[in-house]
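I opened this notebook to record what I looked up in the structure. The entries follow the order of my reading.

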Amino acid sequence: MTLLIKPRALFIGLSLLCLLAIWLSLALGPVSLPLFDTLRAALRLVGLPIAADGLEQAELILGQIRLPRTLLGLAVGGVLALSGVAMQGLFRNPLADPGLIGVSSGAALGAAIAIVGGSVFGGLPESFGPYLLSVCAFLGGLGVTALVYRLGRRNGQTNVATMLLAGIALTALAGSAVGLFTYLADDATLRTLTFWNLGSLNGASYARLWPLLLVSTGVALWLPRRAKALNALLLGESEAGHLGIDVEGLKRELVFCTALGVGAAVAAAGMIGFVGLVVPHLVRLLVGPDHRVLLPASVLAGASLLLFADLVARLALAPAELPIGIVTALIGAPFFLYLLLRGRA
Amino acid sequence: MLRAQNLQIRRGRKIVLTDITLELKPGEVLGVLGPNGAGKSTLLGALCGELPADHGSVWLDERELSHWNGAQRARRLAVLPQVSTLDFAFRVEEVVGMGRLPYQSGRVRDEEIVAAALQAADAGHLSGRSYLALSGGERQRVHLARVLAQLWPGEAGQTLLLDEPTSMLDPLHQHTTLQAVREFADRGAAVLVILHDLNLAARYCDRLLLLEGGCPVMLDTPEQVLRPEPLKAVFGLEVLVQPHPERGHPLIIAR
């Protein structure tokens, strides 16, 4: 596999793609705004002195609905892609997925407990409900991942193969618990649960956005500091150790960043599959496996992909909205199969 | 300088290596010989701190190996494992460049060193290729270049541990590789190399350690170790030993 493009060209291309995605994501929807008005209103929102004539409606839609939704898309896409890079590095396998360490299934379990439990006890105030769901999903993801990590440890060393198997086992266990909650749910909660499992950027609000923005910025700033260590880890754990890398510490950081990032993303937008798997792989095909390029480029590519997927989700059946998880899986699954078969050829 | 004192390694209940007292001297190539399962790779794992000692200790300079910090140790001790599992399409010079991870010597200097190390391992022409597109032997030479780059240019106080660096190489490259290792040691580094080919060991090593069943049998010059009696005792192999007609080192011929 040869290098297709220079890193600099990739960064310029991805930045332009990302800006285009942001622009379209702000402009298009049930009420489509003229592209130029969108641009002017967006520039006004960030504080540039531009005349407000006729922009009131655009500004209102942008500020209240489209901007939080776009930011949510950027953060979720970016952090899922980063987590994918971290897990593919940890497992030294380009087909690894953030879900492997149980964070997604744990979050699903947390969400199921919140949705079904919340409706059973029923007494929760209306405004508290969504936060309870996010908090439970986040804690569920973190909890199951911590357990997977703990199960993978023996004599102070983490065995990633054991972790992988523990992740599979706990994912199955969490799945059966979710199934139990699904069985117990009434029709209304069942609907909520189902839609949550398919993911959506709908209903984005600044209040739910801040924790995710904080976490994803933190992860996006932290992981690139480990880019060289991740490169060495691909040689093998003992080789990385011989090169002076604190391998146990690195593995702990990767698991922690992934649990935090995916946990926060899932808590804010539900389950969105295949971004973490496909994006790093795609970027690697374009510029090679060097994490110094791969990590930042994956953030841009993941953010762009999620915004475009969200546009499809919004516009395909407008005014109704498709869950975004369906769109990403629709794009991601065939691509994954393509990678699998291409590798065999 | 790497020293092992009374080293013993246990896997489960079984003692797989015992009674190892060894000092790797600057400028010396020490060959390790022994039948399959004699504990050669275990010895290498113990000497680089990967396998915890059940008994005894390993010292790097005047400090126990486990007390070194990662990057400092990596600037003194490099290890080439028998097989590598890299499954990502790095370019050859990126793989070798990983050997520079323990240093902050700057991009320009690193590139010079990577080129020199690739040249030394007779892999300079592979530069620019994808690692995954290489053959097994070419990959082996790239990894040799990587560990050479890690200690480049090599000086007294540094140690290189090699686990069968010639196992996948053609006859020419078996010699060029060990020649490169020899030159590396001549600049002052100490080298321990696990080998299976007795004649390569005879030609390139200063001392040989003969292992059998996890115990050291002999540690001496090639002339002393490569005699019919010890080889018969350890390998069960009947051999003739003659001096090499041009170089004089022992030449081992199976009977």
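Entry 1. I began with Leu74(A), which counts as buried because it has 23 C-beta neighbours inside 10 Å. I noted the rule: a residue is buried if 20 or more other C-beta atoms lie within 10 Å of its own, exposed if 12 or fewer, and partly exposed in between, with C-beta atoms placed from the backbone. The model is predicted, and local features need pLDDT of at least 70, side-chain atom pairs count only at pLDDT 80 or more, and totals for chains, interfaces and linings use all residues. Residues are numbered from 1 along each chain as its sequence is written, while chains are lettered from A and ligands numbered from 1 in the order in which they are written.

Entry 2. I located Leu74(A) in helix α3 of chain A. Helices (H or I, at least four residues) and strands (E, at least two) are DSSP runs, numbered from the N terminus. Leaving out residues up to four places away in sequence, I found that Leu74(A) touches Ala303(A) and Leu307(A); contact requires C-beta atoms, placed from the backbone, to lie within 7 Å. Leu74(A) and Asp310(A) are 236 residues apart in sequence and 11 Å apart in space, C-alpha to C-alpha.

Entry 3. I then examined helix α13 of chain A, residues 291-315. Its 25 residues reach 35 Å from first C-alpha to last, close to the 36 Å expected at 1.5 Å a residue; the expected span is 1.5 Å times one less than the number of residues. Of these 25 residues, 20 are buried, so I recorded α13(A) as mostly covered.

Entry 4. How do the axes of α3(A) and α12(A) cross? I noted that the axes of α3 (residues 56-90) and α12 (residues 275-287) of chain A come within 7 Å and cross at roughly 75°. That makes α3(A) roughly perpendicular to α12(A), a label for angles of 65 to 115 degrees, where under 35 is roughly parallel, over 145 roughly antiparallel and the rest oblique. Among the residues making the contact are Leu80(A) and Val85(A) of α3(A) and Leu277(A) and Pro280(A) of α12(A).

Entry 5. For comparison I looked up Ile50(A), which lies in the loop between α2 (35-45) and α3 of chain A. Ile50(A) is partly exposed, with 14 other C-beta atoms within 10 Å. Not counting residues up to four places away in sequence, Ile50(A) touches Arg40(A), Leu43(A) and Arg44(A).

Entry 6. Last, I recorded that 24 residues of chain B are in contact with 20 residues of chain A.

Technical notes. Two residues are in contact if their C-beta atoms, placed from the backbone, lie within 7 Å. Axes are lines fitted to C-alpha atoms, for helices over the stretch in contact, and angles run from 0 to 180 degrees between N-to-C directions.
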